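Subject: Structure handover, helix packing

Dear colleague,

Here is the structure for your files. Notes on the helix packing follow below it.

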Amino acid sequence: MQKRSWRVIQALFLVLTQALYYSDTAQAEQQSYKVKFVHTVRNLSNAPVENVIVNVAIPASCKTQQLKDLRSECNIGVAPSVVTDHYGQSVYSFNLGRIEVGQSINVGYSCRADFYDVLPIDLSKFGTAKIPEEILKVYTGDNQRIYDLRNPALSSLATQFISRYPRAEERVRAIHYYVASNIKYDREGKWDSAPQVLARRTGSCSEISYLFCALCRATGIPTRFVGGSRMRRAAPYEDPVGHRWSEVYFAGLGWVPFDPTLDAKDPKQLKYFTSFFQPSLITFHGGGSSSLLANAYNSNCTQRDKLDSQRVFYWR
């Protein structure tokens, strides 16, 4: 009887905390756009390329975006299959087969999207319920290509965060501030591992997310990546870059956004601590090395070493 009563209390607590969280969305302003994503593959070689598959992350409605009229597109009429990677991310898989010399093919999707701002969250007002074992298993694990949690420099720094900040929310704040304050944004076109980013003190949005997630994971805090497109200027706008940030899992609350890349402009403000830039079209969630997208976060081509690829978001 006591166990049942305690479960009822836990359930009521979860409902209450979610109500507090989602109330921020109800107060938010709405922005509406038509967004189109195009992944173009071109065969610039002197021979046909076989077995070409382009996988495109499918955006979905959530508390910060509501999508309408979402449809896949391909300029040669190939209909994609819808598949799911091991993180649960849905993907349009375009099997293009053979691409001839000089041929160019466009695949992607279009949708209408309503975007809602989410106010930053006060993590101190939430409880310390137990994190599900499956979340811990999947989202605190290592990936040497991305996190390399056994690296001595990264491991030593993580140990300092654990000793100085025993509470998870305090530790995440300290890590967020550290990364935003010490890593300068620099988009070099490659994605190095977290220890490499830590050593050179520069990184792209992906690399900065690698370091933030690695430090959190090394201290036992579950993290994952979020990817998509950030509207940096007024529409009409073309985004050939995309953007990646992070989420941290808090028991009783779920996944909470963090973007130390954007906070690097003014780390003292921590504007993107428990928040992210809006409007941003979220297309992807995952912990790295997706079974379908590899380490990409919007789309991936199986023959990327043989083909020229270009990705662009069109905002209208």
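Helix α3 (residues 152-164) packs against α6 at an angle of about 60°, and their axes are 9 Å apart. (Axes are lines fitted to C-alpha atoms over the stretch in contact, and angles run from 0 to 180 degrees between N-to-C directions.) That makes α3 oblique to α6, on a scale where under 35 degrees is roughly parallel, over 145 roughly antiparallel, 65 to 115 roughly perpendicular and the rest oblique. On the α3 side the contact (heavy atoms within 4.5 Å) is made by L154, L157, A158, F161 and I162, and on the α6 side by L211, A214, L215 and A218. By class, this contact has nine nonpolar, no polar and no charged residues.

This is a predicted model, in which local features need pLDDT of at least 70, side-chain atom pairs count only at pLDDT 80 or more, and totals for chains, interfaces and linings use all residues. Residues are numbered from 1 along each chain as its sequence is written, and side-chain values use heavy atoms, with hydrogens and water left out.

G220, which follows α6, has a positive phi, near 90°.

The axes of α3 and helix α4 (residues 168-182) come within 9 Å and cross at roughly 135°; α3 and α4 are therefore oblique to each other. Here L157, F161 and I162 of α3 meet R171, A174, I175 and Y178 of α4. The classes are six nonpolar, no polar and one charged.

Regards

Technical notes
Helices (H or I, at least four residues) and strands (E, at least two) are DSSP runs, numbered from the N terminus. Ala, Val, Leu, Ile, Met, Phe, Trp, Tyr, Cys and Pro count as nonpolar, Asp, Glu, Lys and Arg as charged, and the others, Gly among them, as polar.
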